[in-house]
Every structure is written in C-alpha cells, then in structure tokens.
Amino acid sequence: MGKIQQFRKRVAQQYNAFDLEEAAKAGEALLREHWNNRSMMTLGYAQDIYNLARVYDELGDFERAVELYTDGAHLFSRHCVGDATAYTNCLNNLAAALYDMGLEGPSAHLFGQLVSVKRFFKHEEDEAFADTLYNLANSVTDGIYEPLARSLHKEALAIRRASNNAQDVMDSLHSLAFLHEEKEEYEKAVPLAETAMQLAQGDDYACACHYLATLYDAWGQYDKALPLYEEVMDLTRERVGRTHHSYFEVAADRARLLEKMGRPREALTIMTEIRALYEGMEDAAFYAYSDCLRTISDLHKQLGEYDHAEAVLLHSLKLNRKQNEDMTDNIADLIKLHLHQRDHRRALEVLVYALMHSDSKGPELAELLIKLAEAFNPSADPAPDIILNAVREMNDRAALAPIIDKWRKWENEPFIPAFVMPPPTDPDRT
C-alpha cells in the first residue's frame, strides 16, 4: 500500500502547486495502483476518485469529471452510514459539472436528489443546503418549472438571511428579481433589487446598482435610473478605468436612457466619448465599435445633422468593408437616411454600391433586398415594386459608370481608424 500513499501525496502536492495537469496524471496512476491492489471498494478509493474528479473539473474536462463523480457517488452511497457529507459533496459537484456541460435536465434531477438526501439527514438549516436549493432553482427556471424555481429561491433566501451571509443573500435576491423581470413584473423585481443593493459592498455594489438601474429603465422610471447609471459610471471608471468593456456598457446604457428621455445631444456626447475610447484601443471589439458608430449616426439624424450622420455611416461602412464583414445594416441605414431627406437619387446610388458587393447567386442578395425594402418602405412586403423598379433602372451601364467610378474612388481612399468629422461638402457627394 506504500505506492498508494506516495501517489496520494503527489496528487496533493501538484494540486496545491496549481499544476492540475500533473495532478491529473498522478491521480490516474493512483487509480491504477488501486486496481493492482484490488482496493476499489474501499472508502479511500472513493475519496481518491472524488479528489481526481475535482482536478478534472477545474481543468475544464467535464466529461472525465462527471465519470469520476458518478463512480464516487456510487461508492460513497455504500459507505455513508449516518453521515452523508462525502456523498452529498460528490453529488453536488456532479450536478454542477453537468450544468456546466449544458445538461440542465440531468443536473436538475441530481440537485433534486441532493435536496431529498439533505432533508432526510436533517440538514435543512445548513448554508450548504441553501446552496443546493439555490443551484436547483437555477436549473429549473424555464417554462412550467418557474413557480418551483421561485419557491426554491425563497426557501434558500430564508436560510441565507438567518446565516447573515450578505453575498449569498444578495445572490438570492437577484435571482428572485430576475424571475420577476422575465415576466415583466417590475413592481416585484425592483424592491428585491433595492434590498440587494443595500447589502452590496465593494465591486458588488456597482453590479447591484447597475442591475437596479436597468430595472428602473425597463419599468419606465427614468428619473430613478439616470442617477444610478451616473453613479455606476463613476464607480466603474475608478475601479477599472475608462477603457474597460464594463465602462463602455454602462455608458452606453446611460446614453440610450438619455435618448429615450428626449435628450439626444447628451446621449451623443457620451457615445462620442465611447467612440474615441474604442479608437484608442488596439484590440477594440469590432462589433461593439461598429454598433457604437451606427448609434452615433442615428443620434445625429435625430438632431437633424444629416451630413454628420452620413459621414459616420460611411466611416462604419468602410470599416466593415476593410474587415470583410457584412455591410447590409450600414447600407440600409444609409438608404433610410437619404430617403428621410427625400433624396431618392442618392438612395439609389447606395443601392448601386450594395449590388456591387452582393452575391446574386447566394442568400446574401435576398437578405440585402429585404433590408433595402424595409429602408425604402418599412410597411411594404419584402420585395416592393420600388426596389424592383430601381434595379431595372440600373441596367443602363452608361448611366451606372460614373456612380461606380465614384464608389471605386471612395473605396481607394485610405482608411483612417480615428474618425474625424469632415466639413460639409457639395450636395452631390455620395
């Protein structure tokens, strides 16, 4: 049995040194030594399986972890006479691993079994039992099981309040609020989120404050949401700086709220700041930056600054072209902008550009025509006559040549990552 002790020691040393891959190798060698010694039915073997499962769990190898947790649970069930701690720990980790694999049904079943076992052993007042109830509730939040999830969260909340663990209480309050939010029961979700924010401290306070702001926002309580967004912006800027994605998110939320409140100029100021921050980052998230540009363009449009709105869209269009990304949203926005100004000719010129880069044999053209149809006439069928007529009008190559040449020249102009608002030019520019 000396080798078994040696392997156990090696597993512990590698695990404590955070060398999980070496710990896994040592653990597999330990199991083989148990097989050599025919000691697979012992409590020690069950504990070794459980420890190795935890290693694979932390490595992210959930399939192997689930296999070992399952074997460990079966073995612990044979040995837990009067004490279910080892068995319930193994069962809990097995359920959690299945949940991480996206197998919510089996995970919920096991969490349910775990609740039954803990009730049998009179562990209803333990914090660990509250954790099990919480995990089970999160596994059954959809459809017909939503009332059960709510009941489980309430039971977990009662235990956690008695234990005075503020973090756990806050998690339960937020989970209950989320269930009400899903059903748009904001009058029930908001008080829960307000209580959670009162308990939150440190980094958790900013998260709780942001969540409460989004609930006020969705409920239409804009005057309450706005100062919370402002507070979260200040807290986030102090904590992670102005170039972190979490700062961009809350700043964008505040800008959207200001827009809904009829204050587009203030919203534009915020979005312009975000745009400049994106441009200063080498690893800027492309899609988020592209969405930011489209939002800025829309705000300029609301303010009647059509030249600025077009310039931003053209910059975004060139960015998408440079990145070989889909351009249909930018093209549709450009057409909507020109039609809003009743400039049908320039809208058709954008359509020419769209057709220059469309695959007429694939689904891209069909999607494009739908987008263009919505731009020309939001209430029309997917292929209104105005689109078909426009395409027919463009069969004249001589008429199309100068438009195509203009777009080719525009494409050949160098792309400058940092956007600079150009001065107004003649009305014939594209």
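Predicted model: local features only at pLDDT ≥ 70, side-chain atom pairs only at ≥ 80, totals over all residues.

Trainee: Which residues of α14 are buried, and what do they pack against?

Mentor: The buried ones are Pro264, Ala267, Leu268, Ile270, Met271, Ile274, Arg275, Leu277 and Tyr278. They pack against α13 (245-260) and α15 (286-302).

Trainee: Why are α14 and α15 called roughly antiparallel?

Mentor: Look at the angle: their axes cross at roughly 150° and come within 9 Å. Angles over 145 degrees count as roughly antiparallel, so α14 and α15 are roughly antiparallel to each other. The crossing of α14 past α15 is left-handed.

Trainee: Which residues of α14 and α15 meet?

Mentor: On the α14 side, the list includes Pro264, Leu268, Met271 and Tyr278; on the α15 side, it includes Tyr289, Cys292, Ile296 and Leu299.

Trainee: Now α13. How do you know that valine 250 is buried?

Mentor: Valine 250 lies in helix α13. Buried means under 20% relative accessible area, and valine 250 has 1% relative accessibility, so it counts as buried.

Trainee: What does valine 250 touch?

Mentor: Leaving out residues up to four places away in sequence, valine 250 touches His210, Tyr229, Val232, Met233 and Thr236. Take valine 232: it is 18 residues from valine 250 in sequence, with 7.1 Å between the two C-alpha atoms.

Trainee: And histidine 174, what makes it buried?

Mentor: The cut-off again: histidine 174 has a relative accessible area of 18%, and buried means under 20%. Therefore histidine 174 is buried. This residue is found in helix α9, residues 166-182, and touches Ala196, Ala208 and Tyr211, not counting residues up to four places away in sequence.

Trainee: Let's move to the other helix pair. How does the span of α3 compare with the expected value?

Mentor: Helix α3, residues 43-59, has 17 residues and reaches 25 Å between its first and last C-alpha, close to the 24 Å expected at 1.5 Å a residue. Its buried residues include Tyr45, Ile49, Leu52, Val55 and Tyr56, and also Asp48 and Asp57. Just after α3, glycine 60 takes a positive phi of about 90°.

Trainee: Why are α2 and α3 described as roughly antiparallel?

Mentor: The axes of α2 (residues 20-36) and α3 cross at roughly 155° and come within 9 Å. The threshold is over 145 degrees, so α2 and α3 are roughly antiparallel to each other. Their crossing is left-handed. Among the residues that meet are Leu20, Leu31 and Trp35 in α2, and Tyr45, Leu52 and Leu59 in α3.

Trainee: Staying in α2, why is alanine 29 called buried?

Mentor: Alanine 29 sits in helix α2 and has a relative accessible area of 14%. That is under the 20% cut-off, so alanine 29 is buried. The C-alpha atoms of alanine 29 and lysine 3 are separated by 9.8 Å, with the residues 26 apart along the chain.

Trainee: What about the loops? What makes asparagine 324 exposed?

Mentor: Its relative accessible area is 68%, and exposed means over 50%, so asparagine 324 is exposed. Asparagine 324 lies in the loop between α16 (306-322) and α17 (328-340), and has a positive phi of about 55° although it is not a glycine.

Key: Residues numbered from 1 in each chain as written. Heavy atoms only, no water. Helix = DSSP H or I, 4+ residues; strand = E, 2+ residues; numbered from the N terminus. Expected span 1.5 Å × (residues − 1). Buried < 20%, exposed > 50% of the residue type's maximum accessible area, 1.4 Å probe, protein only. Axes fitted to C-alpha atoms, helices over the stretch in contact; angles between N-to-C directions. Parallel < 35°, antiparallel > 145°, perpendicular 65-115°, else oblique. Left-handed = near helix turned anticlockwise from the far one by under 90°. Contact = heavy atoms within 4.5 Å.
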